[in-house]
Amino acid sequence: MHQFASRWKLLFVLGAILVSGFVVVNFANYLVSSNSIRSALINNELPLTSNNIYSEIQASLLRPIYISSLMANDTFLKDWVIEGETDLNKITRYLTEIQKKYQVASTFLVSAKTHRYYHTKGVLKSVSPQVPKDSWFFSMESHEGNYRVDVDANEANRNHLTIFVNHKLHDFEGNFIGVTGLGLDVVNVATMIDRYTENYQRSIYFVDRKGFIKSHTDESMIDTVNILKLPGISTVADKLLTGDSGFLIYDRVQDTVLLSYRYIPELDWFLLVEQTEDVALAPLRNALFFNLIISAAITLLVLLISGFTIHHFQSHLESMAKTDKLTGLFNRQYFDVLFAHVINNVGRHTSRLSLALFDVDNLKTVNDQEGHLGGDRLLQSVSLLAREHIRKNDVIARWGGDEFVILFQDCDAKTAAQLMDRIRLRIFSTANQEEAPVQKSISVGIAEFEPEDTCETLLARADTQLYEAKRKGRNRIEG
């Protein structure tokens with residue numbers, strides 16, 4: 001034991017020296033590299049992430065803008081408005097087909113003549129210049145471009161926040177006759193944020209000009225949290241909301257946050273990309289840890305090999321402690337442990353349990369005539385045949401000398417007797433294939449477990465039955 005302790009101590013000392021050397025070298029490198037990474041984040045990486053996201057937002061809006069343009073140039077739509085908007089079913093079918101074909105959240109048409117707001121289920125309402133929520137429509141005619149992207153609540157879909165692509169509708173002479181277009185669920189933007197957050201491992205969200213969070217991975221913050229009042233970022237929020245794009249730094253919960261922001265005119269929102277210094281330096285720390293792991297790997301390998309060797313010898317000792325050396329069966333001590341475990345299960349599951357105690361008949365005579373090696377061979381043969389013919393969940397052990405015990409689970413005394421009889425016959429036919437002056441057989445006593453039984457009382461009853469089998473001439477079963 002002392003030798004093992006000395007080996008472990010030496011291995012740990014050598015491992016500590018190796019790891020300490022790597023720590024000194026790599027920690028110095030970590031300090032230098034961390035400053036370089038911080039500079040790269042500020043000047044390159046975060047602004048580049050912001051630009052990439054902005055480019056993808058623009059790209060993701062190209063298709064909806066194209067679809068709205070197709071709708072605005074559709075002769076059916078123009079003719080339907082010009083001809084007086086008479087057949088409601090035609091326009092609802094048209095808007096429904098567009099919605100299904102392009103899989104958008106909603107499609108609509110607002111007439112400049114009747115002010116009716118048409119959608120897939122009919123007329124939603126009539127827009128009015130006196131209603132602030134309808135001001136978007138009355139500002140469209142004077143809008144410089146042919147389309148405009150707005151973010152608003154969708155009244156046709158339980159006021160869900162929606163990105164609308166509004167496109168002017170002109171007649172064949174170029175006169176303004178309405179607005180058509182489609183709506184994109186803002187959930188799509190949230191999904192896009194989730195993807196960017198996962199790809200870039202940075203916090204990405206949008207705020208409007210008033211500072212309210214409009215899209216975030218934490219949905220509880222949307223429209224309820226204002227960065228002007230949010231601890232940490234509130235110290236730079238004024239500068240952010242009055243700017244166009246830039247880079248800011250603020251402190252939050254014992255960490256420094258690097259923030260890149262830019263204005264998205266298509267949504268009239270600000271895009272914020274944040275990364276804590278702790279996360280930014282994580283790759284560098286990982287490299288440091290990787291080098292430290294390499295330094296410890298050889299030591300760990302030696303420890304594992306040593307541990308495996310110790311485990312092997314320990315398992316061998318445990319096997320010797322619970323196994324009978326001659327027969328390979330469980331010994332008496334380990335049978336007591338297994339019996340206690342089985343009894344606990346019997347108490348929980350109310351299953352039946354029987355115990356068979358048997359010994360080898362005339363073993364002393366065999367020892368006298370064939371020698372102790374002959375007697376040992378007989379015991380080995382009996383144990384092997386018995387083990388081969390018991391069920392998977394039954395337990396067999398050598399009780400001592402020429403006695404063996406089998407614990408039959410989920411088994412009454414009658415069934416146990418039938419099982420033991422097959423074993424008895426098999427042993428008798430195998431052991432007596434050649435003529436010998438001594439008949440080789442087993443005698444068996446069986447007892448069924450009762451609620452008040454202990455291992456001792458159950459064995460005592462089985463022993464009584466075994467004695468009875470001996471008294472009646474051996475090579476038989478009693479119980």
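1. Both Phe-137 and Phe-176 are buried, where buried means under 20% relative accessible area, exposed over 50% and partly exposed in between (1.4 Å probe, protein chains only). Their ring centres sit 6.3 Å apart with the planes at 40°, so this pair is tilted. For the cut-offs: rings of Phe, Tyr and Trp (its six-membered ring) pair if their centres lie within 6.5 Å, with planes under 30 degrees apart counted as stacked, over 60 as edge-to-face and the rest as tilted. Phe-137 belongs to helix H4 (residues 135-138) and Phe-176 to strand E6 (residues 176-185), so the contact ties together parts that are 39 residues apart in sequence. Helices (H or I, at least four residues) and strands (E, at least two) are DSSP runs, numbered from the N terminus.

2. Before going on, some ground rules: this is a predicted model, where local features need pLDDT of at least 70 and side-chain atom pairs count only at pLDDT 80 or more, while totals for chains, interfaces and linings use all residues. Residues are numbered from 1 along each chain as its sequence is written, and side-chain values use heavy atoms, with hydrogens and water left out.

3. Back to the rings. The structure holds 14 aromatic pairs. Ring pairs also join Phe-108, Tyr-117, Trp-136, Phe-137, Phe-138, Phe-164 and Phe-176 into a cluster.

4. Have a look at Phe-335 and Trp-399 too, both buried. Phe-335 is in helix H9 (residues 332-349) and Trp-399 in strand E13 (residues 395-400).

5. Now the charges. The count comes to 18 salt bridges, a salt bridge being a side-chain nitrogen of Lys or Arg within 4 Å of a carboxyl oxygen of Asp or Glu. One of them joins Asp-324 to Arg-398, with the closest N and O atoms 3.3 Å apart. This pair links distant parts of the chain, 74 residues apart: Asp-324 is in the loop between helix H8 (282-322) and H9, and Arg-398 is in strand E13. Asp-324 is buried at a relative accessible area of 15%, and Arg-398 is buried with 15% as well.

6. Lys-364 is exposed at 63% relative accessibility, and Asp-368 is exposed at 56%.

7. Glu-478 and Lys-472 also meet in a salt bridge (3.6 Å, N to O). Here Glu-478 is buried, with a relative accessible area of 13%, whereas Lys-472 is partly exposed at 41%. Salt bridges with shared partners connect Glu-468, Arg-471, Lys-472, Arg-476 and Glu-478 in one network.

8. Val-253 is in the loop between strand E9 (245-252) and strand E10 (255-264), and it is exposed at 76% relative accessibility. Asn-475 is in the loop between helix H12 (455-471) and strand E16 (477-478), but it counts as buried at 19%.
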